[in-house]
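Hello,

Here is the structure for you to look at. My notes follow below it.

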Amino acid sequence: MLAWRLHSQDALRGFDPYPMVLKAAGYLLKNGPATQQERWEEASGYSPSTLASNIAALTCAASFAKLRGDKFTAEYLQEYADFLACHIESWTVTTEGTLVPEIREHYIRIHPVDINDTHPNENPNDGKLILANRPPGSQYEFPAKEIVDAGFLELVRYGIRDANDPIIQNSLRVVDYVLKVNTPFGPCWRRYNHDGYGQRADGGPYEHWGVGRAWPLLTGERAHYALAAGCDVQPYIKTLEGFASSTDMLPEQIWTPPDLKHLYLGGPTGAAMPLMWAHAEYIKLLRSVYDGVVFDLIPAVAERYLGPGSSCRLMEIWKPNRQPKTVTRGFTLRIEYPSSFMLRWTNDEWQNSKDTNSLSTAVGMDFVDIEIGPEQRAPIRFAFYLKDKNQWGEKSYQVDVI
C-alpha cells in the first residue's frame with residue numbers, strides 16, 4: 001500500500017518497488033489467510049482488520065502488475081483478494097451474539113485459529129480466545145464470539161465494505177454498548193472488552209496485567225468512519241484534540257474511571273506519550289476532512305468491491321497450509337502449490353478423471369482452477385504429480401461440495 005501511494009503521488013524518485021511488491025504479495029499468499037499476529041499484537045487467527053489490509057495490499061499489487069502489462073499476474077493477485085473478501089463474514093462474523101441481546105450478528109475481534117493447523121475450524125461461533133493480560137486469578141479464556149473491537153472499520157476505510165452495510169451498523173452498536181467511554185472532551189473507545197492492558201484500578205502501573213483504558217486513536221478511527229458515512233466529523237476532531245497534553249502530545253491511553261490522585265477522566269495515563277499511531281491518525285483525519293474523502297480509501301479497492309460494476313469472483317482456495325473441507329456450488333475451487341505440478345482430479349468418484357497442468361505465477365505459486373457447477377454433488381478428489389521431483393505426492397485429497 002505504501003508503494004502504491006508513493007507511485008500515485010509520483011514520489012518514488014526512480015525507485016522500482018515492483019520486485020519487493022511481488023515478494024511481499026507472495027508471502028501473503030503462501031502464509032495467509034490466518035494472521036500470526038493481529039493489530040494489537042496479541043492473538044493469531046482470522047482478523048477483520050488484517051483481512052482488510054491484505055485485500056487492499058493485494059489489490060495494490062495487482063495494480064502494479066497491470067502497469068507492467070502482466071495481466072495474468074494482476075488477475076491472479078486480485079482473485080486471491082477476492083477469495084479473502086468473499087470469506088470475511090463467514091470467518092469473522094458471529095451469528096450467535098450475546099453482548100447486545102437483540103443483535104445476534106456482528107463482527108468479532110478475531111476468530112482464533114492455530115496458523116499451523118491445515119484444517120482450522122473456521123466457524124466464528126466456535127473457539128476460545130485467551131487474553132494474556134488479565135489480573136492473576138481472574139478469567140482469561142473467553143468465547144471468541146463475545147470479544148469485540150472496532151477493527152472491522154478498516155473494511156470501510158479501504159473501500160471493501162460500505163459504511164451502511166447492515167453488519168457494520170450492528171457491529172457499531174455492539175462496540176458502542178460494550179467499549180464506548182464518555183469523557184468531558186467527548187467519546188473514546190477501549191480496545192476490546194476484558195482488556196487488561198492499562199494502568200491498574202488503583203492507578204498503579206501496568207505490569208503484565210491491569211485494566212484496559214480508552215485509546216484516543218480509536219476516536220480518530222471512528223471519525224474516519226463518520227466521514228465515510230457522510231456524518232459531521234468536527235466533534236471528533238475537537239474530542240481528539242482535547243485528549244492532547246499541554247505540549248500537544250496525544251497519549252496511547254486516557255484515564256477512564258473517576259479522577260484519582262494525579263489521574264483525571266479524559267487525561268493521559270502513564271502509558272506511552274506521544275503515541276505516533278495516534279498522531280498519524282489525527283493528521284490523516286485532518287487531511288481526510290480537507291479532501292472530503294477518507295485518505296486511506298484506495299480507489300481500485302472501492303471500484304472492485306463497492307462500485308456498480310463490482311466484480312468480486314467467488315473463490316475457495318486449497319493450499320498446503322489451509323486445506324478446506326468444503327467448497328460451495330457456484331464457486332471456483334483453486335488448488336495451489338509452491339511448485340509446478342500436474343493435478344489428477346475427478347468430480348464423479350473416479351468414474352472419469354482429468355489431468356490438468358498447473359499455471360505458474362510470478363509470486364512462486366502454481367495453481368489449477370476447478371469450476372463447481374450448481375448441479376455438482378460428488379466431492380472433488382485430487383492428487384498431485386510434482387514435476388520437480390518427478391513423482392506423485394504421498395496422498396490424495398478430498399473437498400466436499402455443499
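Trp-255 is found in the loop between α9 (234-242) and α10 (276-291). Helices (H or I, at least four residues) and strands (E, at least two) are DSSP runs, numbered from the N terminus. This is a predicted model: local features need pLDDT of at least 70, side-chain atom pairs count only at pLDDT 80 or more, and totals for chains, interfaces and linings use all residues. Residues are numbered from 1 along each chain as its sequence is written, and side-chain values use heavy atoms, with hydrogens and water left out.

Is Trp-255 buried or exposed? Its relative accessibility is 1%, so Trp-255 counts as buried. Buried means under 20% relative accessible area, exposed over 50%, partly exposed in between (1.4 Å probe, protein chains only). Leaving aside residues up to four places away in sequence, Trp-255 touches Gln-199, Arg-200, Ala-201, Gly-203, Arg-213, Leu-260, Leu-263, Tyr-264, Leu-265, Gly-266, Gly-267 and Thr-269. Contact here means heavy atoms within 4.5 Å. Pro-124 is 131 residues from Trp-255 in sequence and 32 Å away in space, C-alpha to C-alpha.

Next, Thr-219. This residue lies in helix α8 (residues 216-228). Thr-219 has 0% relative accessibility and therefore counts as buried. With residues up to four places away in sequence not counted, Thr-219 touches Pro-187, Cys-188, Trp-189, Tyr-236, Thr-239 and Phe-243.

Now the sheet. Five strands form an open sheet of mixed pairing, in the order β11-β18-β17-β13-β14. Its edge strands, β11 (326-327) and β14 (354-357), each pair on one side only. Two strands pair if DSSP finds at least two bridges between them.

What lies on either side of β17 in that order? Strand β17 (residues 380-386) runs antiparallel to β18 (residues 391-401), and six bridges join them. Ala-383 stands opposite Ser-396 in β18. The hairpin of β17 and β18 has four residues between the strands, and Asn-390 there takes a positive phi near 50 degrees. Strand β13 (residues 341-346) also pairs with β17 in the antiparallel sense, over six bridges. There, Trp-345 has Phe-382 of β17 as its bridge partner. Five of the seven residues of β17 are buried, so the strand is largely enclosed by the rest of the structure.

Last, the whole chain. How many helices and strands are there in the chain? There are 11 helices and 18 strands. The radius of gyration is 23 Å, close to the 21 Å that the globule rule gives for 402 residues, so the chain is as compact as a globular protein of that length. That radius is taken over C-alpha atoms, and the rule is 2.2 Å times the number of residues to the power 0.38. The C-alpha trace spans about 75 × 55 × 35 Å along its principal axes. Of the 402 residues, 53% count as buried. Among contacts between residues at least 6 apart in sequence, 65% join residues at least 24 apart.

Best wishes
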